[in-house]
Amino acid sequence: MPHIRKGIEGDLPRTLELVKELAAYERALGEVSNTVQAMKEDGFGKNPIFGFFVAEVDQEIVGVSLYYYRYSTWKGKRLYLEDIIVTERMRGQGIGKLLFEATLHYSLNQKCTGMMWQVLDWNEPAINFYKKYSAKMDGEWVNCTLEADEIRQILNIA
């Protein structure tokens with residue numbers, strides 16, 4: 001039976017491995033530039049900006065749910081689910097469900113007005129998973145991104 005617990009600093013190397021596994025599945029492994037050191041600072045430094053849950057089976061981390069807070073001018077404090085990742089060999093065993101529901105409970109315990117996340121439009125297994133929870137899928141909003149190098153270029157900062 002999987003054990004779900006709050007992630008700790010020592011879990012970060014395995015967490016990053018799972019992030020890279022997800023990136024490979026999403027055909028974007030080359031996009032991963034995060035490091036364990038950056039995650040340590042960002043998750044356990046002076047001003048932590050994310051948290052996570054891990055799923056363990058036989059003391060091995062086989063899944064993670066990583067989240068952070070965001071603020072909606074319309075809704076107030078929201079929990080943003082960045083990723084749920086279950087290692088490929090353990091998928092289909094209810095681990096994602098346990099991680100998702102732990103994160104849902106956490107959002108309520110933190111007095112968030114709701115939880116939000118994104119899913120790739122081609123990721124049918126994930127879409128079907130979220131549909132089981134009656135999640136609203138919004139096709140109206142367009143995602144926008146600028147990378148740090150692009151921002152520096154726009155602002156003429158070397």
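User: How many helices and strands are in the protein chain?

Analyst: In this predicted model, the protein chain has five helices and five strands. Read from the N terminus, the elements follow the order β-α-α-β-β-β-α-β-α-α.

User: What share of the residues is buried?

Analyst: Buried residues account for 35% of the 158 residues. The accessible surface is about 10900 Å², and carbon and sulfur atoms contribute 53% of that area.

User: What share of the contacts comes from residues 24 or more positions apart?

Analyst: Among contacts with a separation of 6 or more, 58% are between residues 24 or more positions apart.

User: Moving inside, which residues of the largest nonpolar core touch the most other members?

Analyst: This core has 21 residues, and those touching the most other members are I95, L99, F100 and Y130. Two or more residues come from each of β2 (51-57), β3 (60-72), β4 (76-86), α3 (95-109) and α4 (124-131). Helix α3 gives the largest share, five residues.

User: What is I95 in contact with, beyond its neighbours in sequence?

Analyst: Setting aside residues within four places in sequence, I95 contacts P2, A55, V57, V62, V86 and M90.

User: Where does T15 lie, and is it buried or exposed?

Analyst: T15 lies in helix α1, which covers residues 12-25. Its relative accessibility is 1%, so T15 counts as buried, the limit being under 20%. Apart from residues up to four places away in sequence, T15 touches M39, F52 and V64.

User: And I127, where is that one?

Analyst: I127 is in helix α4. It counts as buried, at 11% relative accessibility. Not counting residues up to four places away, I127 touches V119, L120, D121 and M137. I127 and M137 are ten residues apart along the chain, with 8.7 Å between their C-alpha atoms.

User: Changing topic, how many salt bridges are there?

Analyst: The count is eight salt bridges. One of them joins R5 to D11, with the closest N and O atoms 2.7 Å apart. R5, D11 and E56 are linked in a network of salt bridges.

User: Is D11 buried or exposed?

Analyst: D11 is buried, with a relative accessible area of 6%.

User: What about R89 and E60, how do their side chains meet?

Analyst: The side chains of R89 and E60 form a salt bridge, at 2.5 Å from N to O. R89 is in the loop between β4 and α3, while E60 is in strand β3, so the pair ties together parts 29 residues apart in sequence. R89 counts as exposed, at 51% relative accessibility, whereas E60 is partly exposed, with a relative accessible area of 32%.

User: Why are D149 and R152 separated by about one helical turn?

Analyst: D149 and R152 are three residues apart in helix α5, which means that about one helical turn separates them. Their side chains meet in a salt bridge at 2.7 Å, N to O. D149 is exposed, with a relative accessible area of 57%, and R152 is partly exposed, at 34% relative accessibility.

User: Last one: which residues make the nonpolar surface patch?

Analyst: The patch is made by L146, I151, I154, L155 and I157, and its area is about 480 Å². I151 is located in helix α5, residues 148-154. At 36% relative accessibility, I151 counts as partly exposed.

Conventions. Residues numbered from 1 in each chain as written. Predicted model: local features only at pLDDT ≥ 70, side-chain atom pairs only at ≥ 80, totals over all residues. Heavy atoms only, no water. Helix = DSSP H or I, 4+ residues; strand = E, 2+ residues; numbered from the N terminus. Buried < 20%, exposed > 50% of the residue type's maximum accessible area, 1.4 Å probe, protein only. Contact = heavy atoms within 4.5 Å. Patch = residues over 30% accessible without salt bridge, like charges linked within 9 Å, V, L, I, M, F, W, Y side chains within 5 Å. Areas by Shrake-Rupley, 256 points an atom, 1.4 Å probe, with all protein chains shown as cover. Salt bridge = Lys/Arg side-chain N within 4 Å of Asp/Glu carboxyl O. Core = buried A, V, L, I, M, F, W, Y, C linked by side-chain atoms within 4.5 Å.
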